[in-house]
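Let's walk through this model with a few quick questions and answers. Have the viewer open as you read.

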Amino acid sequence: MPIQIGDKQFNVVNVADSPESWARGLSGRAGLQEGTGMLFVYPAPYIQQIFWMKGMLFPIDVIFIGENDSVVDIARNLPKAELGKEPVRVQSSKPVKMALEVSANDSQGISVGDMCEFL
């Protein structure tokens with residue numbers, strides 16, 4: 001399922017829509033191809049649960065999408081998990097209904113306020 005955000009298009013390779021899939025996320029995966037991502041879908045907009053990088057083997061960007069299908073926050077270049085260190089945690093400052101995890105720097109060119117469209 002492709003998603004257009006501003007001038008960039010991503011192919012959604014996984015959808016996380018349950019507490020179990022939210023917790024698992026991309027942990028343990030070797031990486032994502034450029035232009036692909038994992039979409040987290042929530043039952044109602046809310047201040048996002050904390051994304052944490054436990055078990056992440058590669059750095060990512062997180063694009064937070066609000067209830068009007070616009071980008072409300074972007075967390076860029078979140079580092080991979082490091083043995084013996086507390087995992088990085090991040091959350092949106094505004095209510096979101098979805099979040100898209102992509103490879104680090106793949107969100108370049110996307111800004112808060114950009115509209116999202118499912119193709």
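Q: How many aromatic pairs does a search of the whole structure find?
A: First, the ground rules: this is a predicted model, where local features need pLDDT of at least 70, side-chain atom pairs count only at pLDDT 80 or more, and totals for chains, interfaces and linings use all residues. Residues are numbered from 1 along each chain as its sequence is written, and side-chain values use heavy atoms, with hydrogens and water left out. Rings of Phe, Tyr and Trp (its six-membered ring) pair if their centres lie within 6.5 Å; planes under 30 degrees apart are stacked, over 60 edge-to-face, and the rest tilted. Searching the whole structure that way turns up 1 aromatic pair.

Q: Which residues form the aromatic pair that is tilted?
A: The centres sit 5.0 Å from each other, with 45 degrees between the planes. The partners are Trp22 and Tyr42.

Q: Where in the chain do Trp22 and Tyr42 sit, and how many residues apart are they?
A: Helices (H or I, at least four residues) and strands (E, at least two) are DSSP runs, numbered from the N terminus. Trp22 belongs to helix H1 (residues 19-24) and Tyr42 to strand E3 (residues 36-47), so the pair links distant parts of the chain.

Q: Are Trp22 and Tyr42 buried or exposed?
A: Buried means under 20% relative accessible area, exposed over 50%, and partly exposed in between (1.4 Å probe, protein chains only). By that scheme, both Trp22 and Tyr42 are buried.

Q: Why does Asp106 count as buried?
A: Asp106 is in the loop between strand E8 (95-103) and strand E9 (116-118). Leaving out residues up to four places away in sequence, Asp106 touches Lys8, Phe10, Gln33, Glu34, Gly35, Thr36 and Asp61, where contact means heavy atoms within 4.5 Å. Asp106 counts as buried because its relative accessibility is 6%.

Q: What is the relative accessible area of Met1?
A: Met1 lies in the segment before strand E1 (2-5). Its contacts, not counting residues up to four places away in sequence, include Phe10, Leu39 and Phe118. Met1 is partly exposed, at 45%.

Q: What radius of gyration does the chain have?
A: The radius is taken over C-alpha atoms, and the globule rule is 2.2 Å times the number of residues to the power 0.38. With 119 residues, a compact globule would come out near 14 Å, which agrees with the chain's 13 Å.
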